[in-house]
Structures are given as structure tokens and as C-alpha cells.
Amino acid sequence: MKRILVTGGAGFIGSHLCERLLKEGNEVICLDNYFTGSKQNIVHLFDNPYFEIVRHDVTSPYFAEIDEIYNLACPASPVHYQYNPIKTIKTSVMGAINMLGLAKRVKATMLQASTSEVYGDPEVHPQPEEYWGNVNPLGPRSCYDEGKRCAETLCMDYHDQNNVDVKIIRIFNTYGPNMNLNDGRVVSNFIVQALNGENITIFGNGEQTRSFQYVDDLIEGMIRMMKTKKGFMGPINIGNQNEFTMLELAQTILDITGSSSKLSFKPLPQDDPKQRQPDITLAKKHLDNWEPKIQLREGLIKTIEYFESSLNMANNKNL
Ligand code: NAD
Ligand code: UDP
């Protein structure tokens, strides 16, 4: 049995990861400051004697005897990471330093949740790992993009200088149950708007693209990455290659929900990437033929079910 620390464990991805790691017979410490995460996401794990939660902020050091660290702590939605940009970059950079320091001390392996945002508004399409990216260091997305880029650099330096076993994955847009109703990212926004009969907010002309991955596929990729041999650090892209415009996403959600919501066009946020699609050649090669199994429509159906019950719960509480 391994003892595994999941920072950001009460968030969307972290909560799925905690559940999976417990199912595989591990002991899990979930560390979170609940900025965007919620106890609701992990409450079903509270009865498990191998599950422990710690209210802590990764910008401060944390000490525990552990075998592995999944470093996920960081707000991921533009709305939330832009709320307090200084805190966001501190979370990425100081969080990585603190977790890498811990990994060094206890000889743990650390997996860093990096992001497709390291490619910025990409000029190479699809994006392979060797592409250095096109990131504005001074724009509203920089606190997140540059924070994650610096966290990758720190992983590389702790590996080279201190022989820390690190693994870097670059996660592409992921969605699924346990996303917050007010998460602010496109999939949750469109679903909540469609279910509430509100206008669907399309930013720009809706022709920009993203490649959406269902959360279970990501978790499988993360677990496989952690199991790669010592010294293999990536980075590895983890994402679904099927690319959609925001208009196509909106239409699919309207079809599934049967909603009569109308489209409402809003200004495109500054530095919003025009396109994004992962090249997953390396993931297939190094992660035992890993590839996404769940395609958009199937994943959206499961996610919409989750949001329907979350909205019902929220409405009942307000009665
Ligand atoms: P999320 O906002 O649901 O989860 C982030 C979690 O980290 C939350 O529980 C939050 O409370 C916690 N957190 C934030 N700051 C913290 C701090 N200073 N100390 C301790 N805990 C803190 O987002 P998510 O989508 O689950 O993202 C998880 C990780 O995956 C993030 O690092 C994100 O950058 C990365 N990622 C996600 C996506 C995606 O599409 N979901 C894409 C690329 C990368
Ligand atoms: N977007 C949109 N309507 C929304 C929220 C987002 O059209 O209500 C667009 C956004 O401008 C971007 C895409 O959807 O082009 C994905 O945005 P998200 O915030 O989900 O993630 P990211 O931009 O970080 O990929």
C-alpha cells in the first residue's frame, strides 16, 4: 500500500483522482485550501479509513511521510485564476517548490499537473511536446500560463540538480462531474445555461476551438504516467484529439438537453487561444497505448446528468 498526497484533491480532477487511488488500495491524503474545491466532491470518501483530508495552502511547506505526490493545487478556470493573479502564480511556483522539496526530503515521486496553456495561443497545430509555445508574459492569462511554465522548469531543475523523480503531464481541456456550478469554464457554463433556459454565452464568434477530454480518460493517463520508470519525466500531453468550435459545443449541449436557450455573443477575452489540439503520439508510446476512450457526446451526457442533480440540490436548498 502506498501513501499518496493529492494537492488540490477536493477540486474537480483531484476528487476523481482520490477516488481512483483509494479504489486501487492506496492510502490517500487530500490537501486543499478549498479556494475552488469543495468538501461535497469528496464527502463520499470520508468513511474510508485510508482517506485523510488536510486543510492547507500549498504556498506554505507541508511535511508528511509519503511515497507519491500528485500536485494539482491551482485554480484552473480563467475566472478563478484571474480573481487574484498574484495568488495564482504563488500557488503554482511556491506550491511546486514546496512539493518538490517534500519529494526530495522523503524520496517521493511527484507528478506535476501542467497544462496545454504552456503553448499559449499556439502557432503550431496540433501541439507536440517539443513546441515551446506562444505565451504573452504580461496578459491576463500570464499568472496561470507562466506559473505553470515555471513549475515545469522547477520540476526539471529538481530532477537534474537533486535527482528528484518527477513526471510532468500537460492536461488539455477536461470536463466531467464534480465541476463547480460556477466554475466559469465553457462546458459547465453552457450546460448550466442550457439547463436553466438562459442564454448560452458565446465569447467572440464561437469559431475558436478546443479539444475536450472526459475526466476518466485523464485519470487513467495520470495513473499510467506515475507508473512510468524512474527518471522518465515527460512532459507528456494528455488530451482528446477531437477538436470542436465553441458553436459546435453549444449545439451539442442544446441537442442533448433539448433546451430552447438562445445563443448570446459576448466579447472575446484578451489572449484567448484560437485553437488547441493535443498531439498524443508520446502518450500512446510511453503510457502503454493510452488514448481517450470517451468521446464528447457520451461524456457530455454523463456530465449533464451530474449538473441536473447538482442544480436540483441547489434549488432544494433555496426552498
Ligand atoms: P479546480 O479548480 O476544480 O481544482 C483545483 C483545486 O486546487 C481546488 O480544490 C482548489 O481549492 C485547490 N487549490 C487552489 N489553490 C490552492 C492552494 N494555494 N493550496 C491548496 N489548494 C489549492 O481545477 P481542476 O480542473 O480540478 O484542475 C486541477 C489541476 O489540473 C490544476 O493544477 C490545473 O491547472 C490542472 N489542469 C486542469 C485542466 C482542466 O481542463 N480541468 C487543464 C489543464 C490543467
Ligand atoms: N467560452 C465561451 N463562453 C463561456 C466560457 C468560455 O465561449 O461562457 C470560450 C472561451 O472564450 C474559450 C473557450 O470557450 O475560447 C474555452 O474557455 P475555458 O474558459 O473553458 O478554457 P480555456 O480558455 O482555458 O481553454
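Modeller: Let's start with Asn205, which sits in the loop between E8 and strand E9 (209-211). Helices (H or I, at least four residues) and strands (E, at least two) are DSSP runs, numbered from the N terminus. Residues count from 1 along each chain as its sequence is written, and chains are lettered from A and ligands numbered from 1 in the order written. Keep in mind that this is a predicted model: local features need pLDDT of at least 70, side-chain atom pairs count only at pLDDT 80 or more, and totals for chains, interfaces and linings use all residues.

E8 takes us to ligand 2. 14 residues surround that ligand, and the closest are Arg185, Val186, Asn189, Thr201 and Phe203 (a residue belongs if its C-beta atom, placed from the backbone, lies within 6 Å). Helix H5 (186-196) and strand E8 (200-203) are the elements that give two or more residues to this shell. E8 has the largest share, with three residues.

Strand E5 (109-115) and helix H1 (12-23) each supply at least two residues of the shell around ligand 1. H1 gives the most, at three. In total 27 residues surround ligand 1, the closest being Gly8, Gly11, Thr36, Gly37 and Ile171.

Ile171 brings in strand E6. E5 and E6 pair in the parallel sense over six bridges (strands pair if DSSP finds at least two bridges between them), and Thr115 stands opposite Ile171. Strand E6 (residues 166-171) is mostly covered, with six of its six residues buried. Both faces of E6 are covered: Val166, Ile168 and Arg170 are buried on one side, and Lys167, Ile169 and Ile171 on the other. E6 also runs parallel to strand E11 (residues 236-238), joined to it by three bridges, with Ile236 in E11 as the bridge partner of Ile169.

The bond joining Gly234 and Pro235 is a cis peptide, with omega about 0°, and Pro235 belongs to the loop between H6 and E11. A cis bond also runs from His125 to Pro126, where omega is near -10°; Pro126 has its place in the loop between E5 and H4.

As for H6, its buried residues are Val215, Asp217, Leu218, Gly221, Met222 and Met225. Seen down the axis of H6, they fall within an arc of 155°, so they line one face of the helix (the arc is taken from the directions from the helix axis to the C-beta atoms).

Asp271, in the loop between strand E13 (263-266) and helix H8 (281-286), has a positive phi of about 65° although it isn't a glycine. Asp271 counts as partly exposed, because it has 17 C-beta neighbours inside 10 Å. Asp288 lies in the loop between H8 and helix H9 (296-318), and its phi is positive too, near 55°. Asp288 is exposed, with 11 other C-beta atoms within 10 Å.

Key. Buried ≥ 20, exposed ≤ 12 C-beta atoms within 10 Å, placed from the backbone.
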